[in-house]
Structures are given as structure tokens and as C-alpha cells.
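The sequence and structure come first.

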Amino acid sequence: MNFLAAAGARRLCALRGVFPCLWRGKYFSSGNEPAENNSVTPMLRHLIYKIKSTGPITVAEYMKEVLTNPAKGYYMKHDMLGEEGDFITSPEISQMFGELLGIWFISEWIAAGKNAAFQLVELGPGKGTLLEDILRVFSQLGSLLKNCDISLHLVEVSQKLSEIQALTLTEEKVPLERNAESPVYMKGVTKSGIPVSWYRDLQDVPKEYSFYLAHEFFDVLPVHKFQKTPHGWREVLVDIDPQVSDKLRFVLAPCATPAETFIQDDETRDHVEVCPEAGVVIQELSQRISLTGGAALIADYGHDGTKTDTFRGFRGHRLHDVLTAPGTADLTADVDFSYLRRMSQGKVASLGPIEQQTFLRNMGIDVRLKILLDKTDEPSLRQQLLQGYNMLMNPMKMGERFNFLALVPHQRLHGRSHQTNARQSKPSPSPVAGFGELAWQ
Ligand code: SAH
């Protein structure tokens, strides 16, 4: 079967905006850009109160409070995605992104032996657009999946975004079940009849055979920042500016802090960002995959342990000073993929990171684009498809900055090394789609 032709063959998505806006991966900021807004937000008042009572806080604590404080956090009450919001992501740009990821999960499910059931788990699902595109592929390839028992599991801290996800994904005739006290705080049924549950924490998702997806999730997890000094590593902290009482500033801790243990002994950079929460999530995913099978696909902008100061803010598609008007802008830091791989602790095999343009090309984006273009004479839809393709693939846009990493059970690669074979000069092609060419066309 030609997956790429079958996926969504009868349907072309409605126009998904044309993109004057920025994605988050473009710029670096040390928080030194000119302040755009000096308003004293409720979050700033809360932080000043906190710092006055207990002293300067780590950048990780600052990020966590600003983004996910249950009452005032940026993610809790905002719809920040899309043209009207603060940033735009790949699934919001083109339907092809989610369709190709849907095909990736099906090809992994087939390669791993077509289990009778699987859970699809997404971490940080945004507006639910990516899952909507994936589910459309699952429906179109229904003959393959018809005897498979699929359920959806969404890990989302934001009340506001979980409501938007439910609107995008669920059948409105089936009322949602809500229980704010329960680890499963919402339940429903998708438009194609798949049960869907919402959790705040990955730990609460049933430990069953699962495929995991995290797109632009790891970059919002809190990072600790460290600066090398003549006295050794010192953690960067957030303090109140002594000159201006309602302004924050960065300071260096006067002595070593406990988080310093996260720095590698052989570290050669003079400034590093470490995200222990990302390590905890990767350990949990690796443990689950090694015990029950399945796979995880992680896509984000990032580096392989080479970059230094990447902490930055976004508001209204523009860079925003990270310490100004906290709670009104997104905060993010590039994902350190070398750290993620290290945190899998050998429990699973990892593939990548590889650039988005390579992954999507291996998954057949060029064929998919042609199929979609052949289906429409509508100039605005054709323009949207071409612009979306360019945005996702162009190395100057998202093609190089975004990377894909997969975690699969060791058995999945058993006997088919994806490393360089001693007798070959070239690495053998990966049996995992995206990291090698899609084989089931
Ligand atoms: N994956 C989506 C959205 C990315 S934005 C897309 O690509 O369009 C980051 C998402 O992660 C949002 O849904 C946000 O609410 C969620 N999020 C942020 N911190 C989280 C946390 N600690 N646990 C679970 N979800 C979180």
C-alpha cells in the first residue's frame, strides 16, 4: 500500500493561515534585548514577594513559576499558539507534518509486530492539531488498524489548552467526564470513536504498550543555568534589581549550589543549561519502552551538547526579554539532545537527533506534497501547501534548527546495526522510518 497516497487522500485541510509569524527556534536571547514592556504583572508581584521572603531563585524555579504556576502561569490560561498568539509550531503550519508523523507511528507499529492494542501518548499537545492530523491518517488507513484497539492519552498541565484540545479532538455529542481531583482529570471520545484521557503527569498514564510523542515539549521544561568562574561553576539566579524595586535581574550564586552536580565532569563550555526535569521524563519513557515495548518520537529545536546561552522569551512573534512582564510571554531553551540520550541510560536504543528536513524527506514529504498539489486547483490552497513545505524544510527556516530523536526497544534494531559496520565505510541504513527511508510504500 502506498501510505502517502492513502493518508488523507479524500481530504485536504482547510486553509491554515499564511505565516508572517515567527516560530520559536529562530533566535537566541540572553535576556538582554531592550525591554518591550515594563508593566508590573501579577506574576512579577508574586516573584518579588517570593524573592524578598526566601532569597534569589534559580532560573529553573523562575521558568517553572512563570510558565506553569497553577494560578498565574503563562501556559495555564493562555492560547498562545498560532498567528494571533506568541509563536507558531510545525503542526499549525502544515497538515503534512502530522500526516507524516501518523505514518511513522503506523510503520513502527507494523515493524514491531502489529500489537493488538496501543496507547498513543502525547506530551504537551498544544491545540491538539498534531493529533488531529495523526488521527486522520489512522482513519484513512483504517483497513490496516481495524482490529487494533487504540486509545489516546494527553499529558497537559494547562486547563485552557486541554479545553481547546477537547474541542479539536472530541465528539461533542458525547459529554466530557471531568474530575479535577483525579490524576485523569478529563475523559472523552474522539470524533472517530477513540477513547481519550487527560493527565497532568506522565507517571499517571497506564504503563501499557505505547507510542509516545513530544513535539516542542522539552524546550519549555525548566533549565538551570551555570557560568564558569575563576572559583568554579556558579549557578545563575534571579534576584530583585537593587536600583529598581519592581525589576528583576540575573546574579551569580556566591557559592556552589546543589544543582551543580548536574554538570558533567569533562564539561568544556563556560556556560551551560541543564534540564533535570527532561532527564526524569526520558528515564520514565525509557523504562516504559524497555518493559512494554513501543517507541517515543521527540522533535524540538536543540543541539548536541554544544550550545551555551539559549534561554529566551517570545511574545506576539517577537523576542521578549525573559525577565520583563513575566507571565505574559513564552519562555524556552534549546533542548540538549546529548543529555536526553545520556538520560536514557542504555535502557533503549536511540536514533538521531537528525534534522527535520532529513526526517521529513525520508518520510516522503516530497511525494506527499505532490499528491496534495495534484488534488487542488485552488490557488490559495496550493500557495499554503508550498509555503508550509518551505517553512518546514528550508534549512534557513525550520529544516535545520529542528531535530528528531527516537527511542525504541533494543530488540527493534536487533541484528541490524544502524551504527557504522566495521567492514563498511558507510553506516548501514536505519530500519526505522524517518532515520532511514520509509520502507512500506
Ligand atoms: N506540541 C504542541 C504544543 C507545544 S507548546 C505543538 O507542537 O503545537 C508546549 C505544550 O506543553 C503546551 O501544550 C503546554 O501547555 C504544555 N506543557 C508545558 N509544560 C508542561 C508540563 N510540565 N507538563 C505537561 N505539559 C506541559
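## Ligand contacts

A polar side-chain atom of Thr89 is 2.6 Å from an oxygen atom of the ligand, a polar contact being a pair of N or O atoms within 3.5 Å (within protein, one must be able to donate a hydrogen and the other to accept it, and residues adjacent in sequence count only if both atoms are side-chain atoms). His215 likewise places a polar side-chain atom 2.6 Å from an oxygen atom of the ligand. On its own the ligand has 570 Å² of accessible area, of which the protein covers 95%; accessible areas come from the Shrake-Rupley method with a 1.4 Å probe, and for residues only the protein chains shown count as cover.

This is a predicted model, in which local features need pLDDT of at least 70 and side-chain atom pairs count only at pLDDT 80 or more, while totals for chains, interfaces and linings use all residues. Residues are numbered from 1 along each chain as its sequence is written, and side-chain values use heavy atoms, with hydrogens and water left out.

## The shell and the largest pocket

The ligand is surrounded by 20 residues, each with a heavy atom within 4 Å of it. The closest are Thr89, Gly124, Gly126, Glu156 and His215. By class the shell has 10 nonpolar, 6 polar and 4 charged residues (Ala, Val, Leu, Ile, Met, Phe, Trp, Tyr, Cys and Pro count as nonpolar, Asp, Glu, Lys and Arg as charged, and the others, Gly among them, as polar).

The ligand sits in the largest pocket, in the sense that more than half of its atoms lie within 2 Å of the grid points of the pocket. A pocket is an open set of points on a 1 Å grid over the protein atoms alone, with protein on both sides within 12 Å along at least five of seven lines; lining residues have an atom within 4 Å of a point. The volume of the largest pocket is about 800 Å³, counted as the space filled by probe spheres set on the points, which are joined across faces, edges and corners. Of its 40 lining residues, Gly124, Val157, Phe217, Val220 and Leu221 are the closest to the centre. Elements that each supply at least two lining residues include helix H3 (59-68), strand E2 (117-123) and helix H10 (276-292); helices (H or I, at least four residues) and strands (E, at least two) are DSSP runs, numbered from the N terminus. The lining has 20 nonpolar, 9 polar and 11 charged residues.

## Cavities

The whole structure has 2 cavities of 30 Å³ or more, a cavity being a set of grid points where a 1.4 Å probe fits but cannot get out. The largest cavity holds about 110 Å³ of space. Its lining comprises 14 residues, and Val223, Cys275, Asp334, Val335 and Asp336 are the closest to its centre. By class, this lining has 10 nonpolar, no polar and 4 charged residues.

The second largest cavity, of about 30 Å³, is lined by Ile93, Ser94, Gln95, Gln384 and Leu385.

## Backbone geometry

The Gly352 to Pro353 peptide bond is cis, with omega near 10°, and Pro353 lies in strand E17 (residues 349-355). Lys114 is not a glycine, yet has a positive phi of about 50°.
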